Amino acid sequence: MRIAQRMNRLGTETAFEVLVKARALEAQGKAIVHLEVGEPDFPTPQNIVEAGIRALRDGKTKYTPSQGIPELRQAIAEHTSATRGIAVSPDQVVVTPGAKPIMFFSLLALVEPGDEVLYPVPGFPIYESMIKYSNGIPVPYHLREENNFRFDPDEFRAKANSKTKMIILNTPHNPTGGVFEKSDLQVVAEVANKYDITVFTDEIYWRVLYDGAFDSLLQIPGMAERAILLDGFSKTYAMTGWRLGWGVMPKEIVPHITRLQTNSNSCVAGFTQYAGVEALTGPQDAVGTMVAAFKQRRDVIVDGLNAIPGFKCLKARGAFYAYPNTRGTGWGSRKLADYILNEAGVACVSGTAFGDQSEDYVRFSYANSLENIQKALTRIRAAIEKIQD
Ligand SMILES: Cc1ncc(COP(=O)(O)O)c(C=O)c1O
């Protein structure tokens, strides 16, 4: 086979590769604590599961409109209006299998060769992968520990120019758990207005926030007209395996994103979408319970990591990731992550998976039980003490 050149520009998500390595160790009889993939360990709430089953029994087993069923688009429009404080209509919504295709489709639909795209580093690896795949020029803006993993406003301003087509935002942030404040979003809005830039705001973790209210770029006047919002069910409702997410965008982009869906997935499974209607319109208490549990786990893992020699970890405000600085161990993060997997039996992701200048960090997902988190901390500590003897 002669593989197309463009495939050389497509990256990947290392967490899934670590998962494969960890599963191979498990097959050899090793007990692994999984802190690599970012998915809630909670089951999908029962009312949502029942709605999916009901829909299957009611025969919702056929193709659906590429843009999403009207009932779900209506529920998403109302949900977005209520949570972001803006007017959203169902014809601004596209439903996709997981939220990831919104990222894939938006970059394919908007970025042309030579367009510059600003994206966060460290950051979700698919951003850089998709910018390159679309023949855009990736322009990283750095989120540094000394800034609480927010950007330096002047440095950010200096990265934008008339060639900038898109700015990618992610708050709360994967892998650091950092959260942008209103003042950061004001800077983004100022830059976007100045150079007529589309903003891609990835808010998939917006409900996983431990203190304060969530600030969305969409709340800033004028931004809803130039922004694409990525949101979904995977993290908020523990529905990673259902594959259900959505985008909210200006109407003129909708036919293009929908056509990309028609060309790829055709549509999202109908019963999954009915489960999504129940998730958004049914009882919400399971979400609060989950977020309260994540907060308790965050405190345990951050305190535990800070007690390990060579580790230093901020207590971030959102998402379910701890992103310690491990420079004090004297080991690079790739070697360290491999060592932690093989020696301690704890799967985590090297900072290098999230972009340059991340050699001193590793990411732990604490979407796991307190018992497993404590077991992981004990094992990592013992393994690190061994290399420091
Ligand atoms: C920052 C970020 N955006 C988007 C996604 C995609 O979520 P989904 O599972 O709904 O495709 C993820 C999933 O890990 C993520 O971390």
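1. Two strands pair if DSSP finds at least two bridges between them. Strands here are DSSP runs (E) of at least two residues, and helices are DSSP runs (H or I) of at least four residues, both numbered from the N terminus. Strand β11 (residues 349-350) and β12 pair in the antiparallel sense over 2 bridges, with S350 opposite V362 in β12.

2. On the basis of the note: this is a predicted model, in which local features need pLDDT of at least 70, side-chain atom pairs count only at pLDDT 80 or more, and totals for chains, interfaces and linings use all residues. Residues are numbered from 1 along each chain as its sequence is written.

3. Strand β9 (residues 321-322) is also joined to β12, antiparallel, by 2 bridges. A322 has F364 as its bridge partner there.

4. Which residues of β12 (residues 362-365) are buried on its two sides? V362 and F364 are buried on one side, and R363 and S365 on the other. A residue is buried if 20 or more other C-beta atoms, placed from the backbone, lie within 10 Å of its own.

Key: Buried ≥ 20, exposed ≤ 12 C-beta atoms within 10 Å, placed from the backbone.
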